[in-house]
Amino acid sequence: MRLFSLYRSFVMMLLLNVAFSLGAETIFYDVVVIGLGPGGVEAGARTASAGLKTLIVGRERGGQLSAASQPVQNVFAVSPKPGAAIMSDAIRQAEDFGAEICEGTVTNISFSWSPYLVEIDGFKKIYARALVVATGSHPRRLSVPGEEEYWGRGVSACALCDAFFYRDATVAVVGGGDAAVDEAIHLAHYAKRVVVLVRGGRMRAQRFMQEKLKQYSQIELRYGEEVEEILGNDNFVTALRLRNNKTGDRTLEKFDGLFLAIGHEPNNELLRGVLELDQRGFVRVHDGSTEVIGYPGVFATGEIMGLQRRQVNVVVGVATQTGLEVNDYLSFGISRNQIPK
Ligand SMILES: Cc1cc2nc3c(=O)[nH]c(=O)nc-3n(C[C@H](O)[C@H](O)[C@H](O)COP(=O)(O)OP(=O)(O)OC[C@H]3O[C@@H](n4cnc5c(N)ncnc54)[C@H](O)[C@@H]3O)c2cc1C
């Protein structure tokens, strides 16, 4: 079966090479990277700089970082500037190395055999000897009025990124797990008051995390309270309408910001039922590597790996590793999946 699969790959490559030599449209790349966020762009820049023919395709130029309206303060060697500007520099750098950029949605990937087939916007077909899945994740939302309008303007899912802008402010954190504690403590170094809104009757955070909260007099815990509406002055958040889910009482309270710590969801619609995913739906890779289990030449990078710390520097560090591993695979045949599927 494996021999047949190898034979099929070989014939495919041969046919594609014949097509190219006859002048057909170039649809063959060494590497196709899916995702135009920091992870995808960095991985693509590394493979392109290694001389590999690279296409980076994504539906949003810059990924999540482009949504950061406040100047981004914590990216290595970059002075504070908007996320979109950082990503435009990163994309330009990748292009300078020779990477091609395509704005579009990958609608299908055939992982059956190499070269892998990638379909963009439902019609464009691209073949790749190696794939990098860098489709990222998105914060789980509350789906309440005002959330979309004030996203990035008072509503955030990243205290590490945005706490700096809330000096002496009053902010709320929604969530009851470790992430909520983390967010609250980070905010407490800047804000004068941090209210943690826990939907249930108790926190799910580990005990030692809950103990840590007690060291901060400016952090207040409230149980059974939910955000019903986010209000603002068209520019920024100014208040929250809260509802007590036991009594049904509603209150309107002044807040300068709202931080969501209710989890992140992987952008894995293309991968479900095919690649090995963990319980939360993030892609599983080999220990110490970014190569996807069971698929030689398929790599995952950035937040789609379920990184603990969702920060650009972390993502870009992992993506650099991915770029190097792709090069090792394509140039030297080094794979953690030694036996082809
Ligand atoms: C508002 C905001 C502010 C932030 N501020 C900071 C900060 O100040 N400092 C910091 O370090 N971090 C910050 N972050 C976090 C940082 O942006 C993320 O850690 C980083 O963007 C993750 O990179 P990624 O490449 O893994 O994924 P993403 O940035 O999520 O990029 C993945 C891309 O893949 C695309 N994609 C998914 N599926 C497909 C498909 N089928 N076809 C094509 N494309 C697809 C997605 O649309 C997305 O554009 C912030 C995040 C947000 C949301």
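The following legends describe close-up views of a predicted model of a protein chain with a ligand.

View 1. The domain assignment divides the protein chain into domain 1, made up of 2-138 + 264-332, and domain 2, covering 141-260. Between the C-alpha centres of domain 1 and domain 2 the separation is 34 Å. Contact between the domains involves 7 residues of domain 1 and 8 residues of domain 2. On the side of domain 1 that touches domain 2, 2 residues are nonpolar, 4 are polar and 1 is charged.

**View 2. The shell around the ligand.** The ligand is surrounded by 36 residues, of which G37, G39, G63, G136 and G302 are the closest. Domain 1 and domain 2 each contribute at least three residues to this shell. At least two shell residues come from each of α2 (38-49), β2 (54-58) and α7 (312-332). By class, the shell comprises 17 polar, 15 nonpolar and 4 charged residues.

**View 3. The largest nonpolar core.** This core contains 56 residues, and those touching the most other members are V31, V32, A128, L131, V132, V133 and V283. Helix α7 provides its largest share, with 8 residues.

**View 4. The surroundings of V283.** When residues up to four places away in sequence are left out, V283 touches V133, L271, L275, L277, V292, A300, I304 and M305. Both V283 and its partner V133 belong to the group of core residues that touch the most other members.

**View 5. A separate core.** Another core, of 36 residues, lies apart from the largest one. Its members include A163, A205, V227 and L258.

Definitions and conventions:
Residues numbered from 1 in each chain as written. Predicted model: local features only at pLDDT ≥ 70, side-chain atom pairs only at ≥ 80, totals over all residues. Domains from an automatic or database assignment. Contact = placed C-beta atoms within 7 Å. Nonpolar A, V, L, I, M, F, W, Y, C, P; charged D, E, K, R; others polar. Near = placed C-beta within 6 Å. Helix = DSSP H or I, 4+ residues; strand = E, 2+ residues; numbered from the N terminus. Core = buried A, V, L, I, M, F, W, Y, C linked by C-beta atoms within 7 Å. Buried ≥ 20, exposed ≤ 12 C-beta atoms within 10 Å, placed from the backbone.
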